[in-house]
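Please look over the sequence and structure below. The briefing after it covers one chain and its interface with another.

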Amino acid sequence: MSDAKFFQRGKIQELRIELNSDKKDRGYTRKKATLKKIVANMTMGNDMSSLYPDVIACMAIPVLEVKKMVYLFLINYAKGKPEMALEAISTFRRDVEDPNPLIRALAIRTMGYIHVDKVTACLIQPLRHCMRDQDPYVRKTAAVCVAKLFMQDRHLVENAGFIDQLREMLVDSNPSVVANAVAALTEISERSDHIQLKLNMAVASKLVTALNECSEWGQTYILESLMFVVPQEPGDAEMLAERIAPRLQHANSAVVLTAVKVIVYLMNYMSKDEDISNMCKKLSPPLVTLLSSGPEVQYVGLRNILLVIQKHPEILKNDIKIFFCKYNDPIYVKMAKLEIMFRLANEHNVEQVLSELKEYATEVDVDFVRKAVRSIGRLAVKIESTAQRCVEALLELIQTKVNYVVQESIVVIKDIFRKYPNQYESIIGVLCENLDNLDEPEAKAAMIWIIGQYADRIENSDELLDDFLYTFLEETVEVQLALLTATVKLFIKRPTAGQDLVPKVLKWATEEVDNPDLRDRGYIYWRLLSTDVAAAKAVVLSEKPHISTETDNMDPVLLEELLLHIASLSAIYHKAPTTFIPHCKPRFLIPSPALRRQNYGPGRLMHSDSYSSVHSNSSDHHQQLSGSSQPQSSSSQLDPLDEFMASSTPAKEPHHQRLSYHEQSFDQVAEASIGNREYYDQKINAENPYRTDTTSTSGTKSGGGDDLMSFDL
Amino acid sequence: MISALFIYNQKGEVLISRLYRQDLKRSIADIFRIQVISNTDVRSPIITLGSTSFFHVRHENLYIVALTKWNANAALIFEFCYRVINVGRSYFGKFDEESVKANFVLIYELLDEVLDFGYPQNSEADTLKMYITTESVKSERAIKEDSAKITIQATGATSWRRSDVKYRKNEAFIDVIESVNLLLSTQGNVLRADVAGQIMMRAYLSGTPECKFGLNDKVLLEKDPNNRRKTSNTVEIDDCQFHQCVKLGKFDSDRTISFIPPDGEFELMRYRTSDNINLPFRVHPVVTEIGKSKIEYKILVKANFSSKLNANNVVLTIPTPLNTAGVTCSVSAGKAKYVPAENSIVWKIARFQGQSEYMLTGEADLTAMTHKKAWSRPPISMDFQVLMFTSSGLLVRFLKVFEKNNYQSVKWVRYMTKAGNYQIRF
């Protein structure tokens with residue numbers, strides 16, 4: 001018999017009449033059919049709540065299927081009609097006493113879903129009984145019910161002693177009960193302000209024993225809870241990891257990835273490098289196996305692999321081929337694979353990687369192709385020996401004349417020029433053939449940088465720049481900044497060729513444009529050029545700081561935090577959970593005598609410290625950038641965050657005088673958002689080295705005006 | 001954990017909607033429809049809007065969607081979605097719009113059972129069938145009679161098997177199914193070749209049998225000094241995964257595979273190997289673009305396995321450019337025709353004997369195109385099945401069954417290799 005026929009819009013009035021009809025109804029088939037119609041309408045989103053009294057009346061019918069449908073109805077509508085829910089209480093009371101454990105559990109489970117105070121009040125007593133029920137099925141249902149209750153009324157759960165009862169359930173003889181009790185405790189601990197789950201080794205050891213007999217989901221809950229064990233001795237961590245390791249062979253990827261999370265976490269507390277490297281060896285094969293699951297799980301696996309290999313580069317270092325993209329992989333799998341490929345690329349496999357990337361660059365999906373092209377450029381920067389071949393590959397791609405491929409190539413070629421100055425200038429001619437097709441700001445800015453940088457070698461550099469300048473005022477700030485600097489470079493390198501352009505650009509930048517960065521940069525060039533051309537030359541054409549793909553590395557503090565969240569959403573987005581989940585407790589490595597010193601320096605283990613450490617680093621960053629003289633000193637392809645972290649990693653002695661000066665001006669701007677990490681990211685991205693030096697003067701517009709008057713070529 | 005579960009059809013109509021937590025409303029269902037189902041360019045199986053995350057899996061003509069507002073375990077949620085599909089298939093044969101609509105009340109019952117407050121609970125179809133059945137009368141009787149048995153089953157250490165199974169004839173069938181993945185470069189080099197194997201078992205065994213299972217696993221055999229001489233014929237397994245029933249601790253300590261099987265069909269293990277793969281087919285494509293109006297194909301395919309074996313349902317899909325007007329081709333075996341909808345020539349050979357080779361020659365005529373983007377040359381892909389052949393060389397050495405009644409059991413083994421992702425670039 002098919003229920004599909006019930007899937008049609010029903011009129012409330014008709015349904016009510018049907019439910020209340022007193023025609024002969026053997027085996028309640030009519031009532032069942034009507035209830036099915038109501039459930040179908042509920043599914044379709046039609047409001048059935050006004051049928052409440054009539055549906056509740058059906059509760060008395062001694063048919064399980066009917067009962068379940070009425071309960072479903074209650075769960076959906078009770079909140080809106082609390083008075084009606086009360087009518088159901090007597091039935092619930094009877095059911096929790098039922099001799100059949102399935103009925104007892106059903107009643108408890110359903111009552112937990114009904115968020116009506118009076119129902120909740122009636123739940124407390126039976127729930128306490130059910131937690132001690134002789135049947136494990138009822139006990140495991142009761143355990144989850146405590147978590148439900150906690151979401152409704154925290155104080156009630158705490159005051160009624162349910163937490164202690166849950167804790168007792170951790171040593172229940174039945175593994176399903178243990179697993180659900182653990183899950184409930186973990187969730188309560190994650191949401192409560194003053195309850196924090198902490199497991200000692202004795203409890204942890206019991207839980208691990210229960211692992212063997214649990215359902216796969218139960219195993220996941222237990223493994224998850226092991227994140228709340230803080231090993232006090234390295235031996236504890238090793239033993240625990242050793243006992244969890246067999247889970248890596250489980251068919252369910254949730255079990256595997258959660259086991260990976262716990263093992264990676266425990267490695268922080270191991271003392272011997274040998275133990276760590278043994279564990280790493282065990283982690284590689286199951287991570288690869290994740291790639292034979294469904295595409296969604298593959299994606300989850302890939303995003304997590306990207307985290308794990310950043311912390312432990314020995315994992316998967318010889319398995320790059322696994323990450324080559326298949327033509328019919330979904331796009332999200334391809335993109336994630338590409339990132340891992342780039343990270344695993346080294347001197348030995350670069351040949352293969354490059355030929356793969358060339359293949360991908362001819363595919364259909366625009367984003368994927370762009371990323372492939374970009375990766376070729378990054379590869380050149382990462383591995384010097386392959387730079388020549390990467391440049392050739394990029395030139396080939398430019399010949400295809402596919403617009404976005406050309407633009408993407410130019411952006412990365414700029415970085416190659418930065419990294420290897422005076423090696424590949426011969427290709428500039430080819431690049432210049434494509435000037436007319438550039439319509440993306442990033443590509444334009446890159447091309448303009450190249451022209452400015454090699455203004456003395458490109459014969460018609462002045463004409464090229466003049467062409468770009470034609471639309472100066474309509475360009476984005478990125479392009480305008482590039483144009484400004486390139487023009488000044490041209491002028492310094494070839495004064496005669498640049499003398500018509502420079503005043504034009506400076507005038508625009510200082511008078512016509514609202515962007516303060518651009519304006520300030522305009523002023524500083526202006527002053528430099530008008531007071532001391534030699535100094536201007538020294539500043540503008542100074543040697544540029546070294547770039548490297550080290551800057552792609554994730555902020556180690558963030559990485560450390562994300563590793564504690566392997567398998568979760570935040571590990572997929574590579575974002576700390578606190579940034580997108582409200583009321584989420586941050587996790588951090590809890591210090592213990594066994595905790596290894598982290599390689600990014602002492603004093604930053606605690607999550608709570610990370611903001612302040614970022615804050616103080618930001619001044620280092622200023623310091624470093626101010627020392628360089630090149631506005632585009634950073635490699636454009638990189639994420640602002642990465643770039644920022646990279647420049648703050650070297651532990652240089654900060655320049656104190658300046659430091660305080662910068663911090664001050666910084667704080668003034670920041671005011672409301674001090675301590676807000678995002679703020680700094682944006683700020684630093686927009687920042688340019690000239691900016692800070694002129695903050696005090698640029699405030700007085702008239703001073704700038706004077707300079708303008710006295711500027712004379 | 002999971003706050004709500006929805007099942008949609010392709011039009012975006014909600015077929016099943018179940019909320020498990022109060023942090024969401026039913027109306028959120030519309031957001032998924034707008035953001036994903038009506039969106040032609042979906043680039044991720046996970047979408048987060050505000051603090052609500054939508055996880056979706058597509059199956060047949062359905063979207064199975066789980067929602068959460070928490071930093072939930074993404075692997076767990078996807079695995080659970082897969083499990084919903086499997087339980088559905090086990091119950092209804094097929095899990096599609098029709099079967100969901102025809103059984104929606106039952107599906108609600110199941111969803112109430114397998115997810116509690118968004119936490120996946122016992123989801124073994126075998127156990128669920130004991131107390132949630134399509135014929136409600138039967139289920140009621142079952143529940144009255146042995147509810148205690150059911151609850152112990154649903155929470156016990158062997159939740160996948162009931163204890164009262166009886167067969168007159170005790171039999172076990174093992175199917176070793178290997179999917180070979182191959183990526184061959186334009187130059188004919190193997191970029192990657194690996195095998196993803198599955199060992200499927202159909203157990204029709206009475207009582208509570210303890211099984212031991214042995215493969216020609218290199219690690220295991222090299223451990224055993226008695227077996228030294230046989231080691232030439234072993235397979236190096238990169239990694240393997242087991243069904244819930246296999247005792248993982250035991251495998252970890254001495255690499256023996258022991259288990260109490262569920263009743264009927266299940267996947268005992270999955271394995272992966274990349275060492276010494278025997279590629280069943282070699283393909284040598286020569287594709288030349290003649291000017292802008294013609295492409296010439298010469299595709300040679302050769303069977304690499306023993307001449308005593310046959311491959312079935314061999315299909316080669318050979319891509320053609322988007323602007324192909326027509327194709328003429330001839331083949332030395334099977335049938336080949338141009339399928340415009342797939343932009344490819346599909347060459348089917350029903351039976352392909354080992355060691356033989358066949359050839360396709362053809363020409364594609366192209367219409368003139370205004371834009372000059374080059375043809376991306378997607379790879380040739382291949383599909384096939386070869387019986388009694390394993391690409392990895394894996395063999396089943398034994399299956400032992402121990403049961404307290406000490407009955408005799410008959411065991412059967414079958415091998416098959418099929419194409420996974422078998423792609424040849426040209």
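Among contacts in chain B between residues at least 6 apart in sequence, 69% join residues at least 24 apart, where a contact means heavy atoms within 4.5 Å. This is a predicted model, in which local features need pLDDT of at least 70 and side-chain atom pairs count only at pLDDT 80 or more, while totals for chains, interfaces and linings use all residues. Residues are numbered from 1 along each chain as its sequence is written, chains are lettered from A and ligands numbered from 1 in the order in which they are written, and side-chain values use heavy atoms, with hydrogens and water left out.

**Chain B**

- Of its 426 residues, 58% are buried, meaning under 20% relative accessible area (1.4 Å probe, protein chains only).
- The C-alpha atoms of chain B fill a box of roughly 75 × 65 × 35 Å along the principal axes.

**Interface of chain A and chain B**

- Contacts link 110 residues of chain A with 92 residues of chain B.
- About 8,800 Å² is buried between the two chains, 54% of it from carbon and sulfur atoms; buried area is the accessible area (1.4 Å probe) that two parts lose on being put together, summed over both.
- A:Tyr113, A:Trp217 and A:Gln249 supply 8% of the area that chain A buries against chain B, more than any other three residues.

**Salt bridges**

- Chain A and chain B share 10 salt bridges (a side-chain nitrogen of Lys or Arg within 4 Å of a carboxyl oxygen of Asp or Glu).
- One salt bridge joins the side chains of A:Asp365 and B:Arg43, at 2.7 Å from N to O.

Conventions:
Buried < 20%, exposed > 50% of the residue type's maximum accessible area, 1.4 Å probe, protein only.
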